Amino acid sequence: MGSVKIELRDTLFLTFRELECFRQKFSRFQDYGACSIFIGTMRDYNEGDRVLSMHLEYYPGMTEQKLAEIVNEARKNYEVLDGLLLHRVGDVQPGEDIVLVAVWSTHRKDAFGACRMIMEELKSTAPFWKKETLAGGDRWVEKNTPGK
Amino acid sequence: MTIHVRFFASLREQTGIDSKEVDADGLGTIRDLWCAVTGRPIDESTLVAVNKTYAGPESSIADGDEVAFFPPITGG
């Protein structure tokens, strides 16, 4: 069984460089028939307002634990040969990627399924909170948009 | 019985509390603990974790527990 790397990052990550670096470490290249990738990016607007920047708060200890549980649960339901999960914390600027979920499997059914399951579970159960900075002040984002 | 209580995000700002040690003798549940600390009923949208695992307002508390209150999550 391969591995799933999970990391919280407090600075900008370059998503496609991360993917390429991760791929370099694959030891079973010939086993992979599919890769599914989700990238979440910060928009410069929300609820009709221009958003200047954002702060991502998390619960140290619980957030990492929950992400590991989510990945483990996905691996019970889908074949995951390797995976990469990165999530920003701290200050984020528009256009920067917030989250990366990449899953490598033998077939697309497992890659798609696991990637989606990890992302949807993350959105609904991993403790992160967004605070937006607008021209007129700060506000907490109160809910996520549904993914299904 | 001492409980380490933490608030995150908007709840931290609303309560003005980041974390505090609470003498919880006589308090049986998370709901009781919330009321004792904030002086108001718990909102049903509030999420709770005990020792970094999700719990509900009727969950019981024990000496030394870390109890965290936070609003609906918005990551990803």
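Me: What percentage of the 148 residues of chain A count as buried?
Reply: This is a predicted model. A residue is buried if 20 or more other C-beta atoms lie within 10 Å of its own. Among the 148 residues of chain A, the share that counts as buried is 33%.

Me: How many helices and strands does chain A have?
Reply: Read the elements from the N terminus on: β-α-β-β-β-β-α-β-β-β-α-β-β. The totals for chain A are three helices and ten strands.

Me: What does the globule rule give for 148 residues, and what is the radius of gyration of chain A?
Reply: The rule gives 15 Å for 148 residues. The value for chain A is close to that, so the chain is as compact as a globular protein of that length. Its radius of gyration is 16 Å.

Me: Which strands stand at the edges of the open sheet of four strands in chain A?
Reply: The strand order is E1-E6-E8-E2 (chain A), with mixed pairing. An edge strand has a single partner strand, so one of its sides is left without a neighbour in the sheet. In chain A that holds for E1 (4-9) and E2 (34-41).

Me: Which residue is the bridge partner of A:Leu85 in E8(A)?
Reply: Look at strands E6 (residues 82-88) and E8 (residues 97-105) of chain A. They pair in the antiparallel sense over six bridges. In E8(A), the partner of A:Leu85 is A:Val101.

Me: Which strands of the sheet does helix H2 of chain A touch?
Reply: Helix H2 covers residues 62-77 of chain A and packs on the sheet. Its direction makes about 150° with that of E1(A). The strands touched are E1 and E6 of chain A.

Me: How far apart are the axes of H2(A) and H3(A)?
Reply: The two helices pack at an angle of about 150°. H2(A) passes H3(A) in a right-handed crossing. Residues making the contact include A:Leu67 and A:Ile70 of H2(A), and A:Met117 and A:Ile118 of H3(A). The axes are 9 Å apart.

Me: How many nonpolar residues are on the side of chain A that touches chain B?
Reply: In total, 23 residues of chain A are in contact with 13 residues of chain B. Elements that give two or more residues to this side of chain A include H2, E8 and helix H3 (108-125). By class, five residues are polar and five are charged, and the number of nonpolar ones is 13.

Definitions and conventions. Residues are numbered from 1 along each chain as its sequence is written. Chains are lettered from A and ligands numbered from 1 in the order in which they are written. This is a predicted model: local features need pLDDT of at least 70, side-chain atom pairs count only at pLDDT 80 or more; totals for chains, interfaces and linings use all residues. Two strands pair if DSSP finds at least two bridges between them. Two residues are in contact if their C-beta atoms, placed from the backbone, lie within 7 Å. Axes are lines fitted to C-alpha atoms, for helices over the stretch in contact, and angles run from 0 to 180 degrees between N-to-C directions. Ala, Val, Leu, Ile, Met, Phe, Trp, Tyr, Cys and Pro count as nonpolar, Asp, Glu, Lys and Arg as charged, and the others, Gly among them, as polar. A crossing is left-handed if the near helix is turned anticlockwise from the far one by less than a right angle, and right-handed if clockwise. The radius of gyration is taken over C-alpha atoms; the globule rule is 2.2 Å times the number of residues to the power 0.38. A residue is buried if 20 or more other C-beta atoms lie within 10 Å of its own, exposed if 12 or fewer, and partly exposed in between; C-beta atoms are placed from the backbone.
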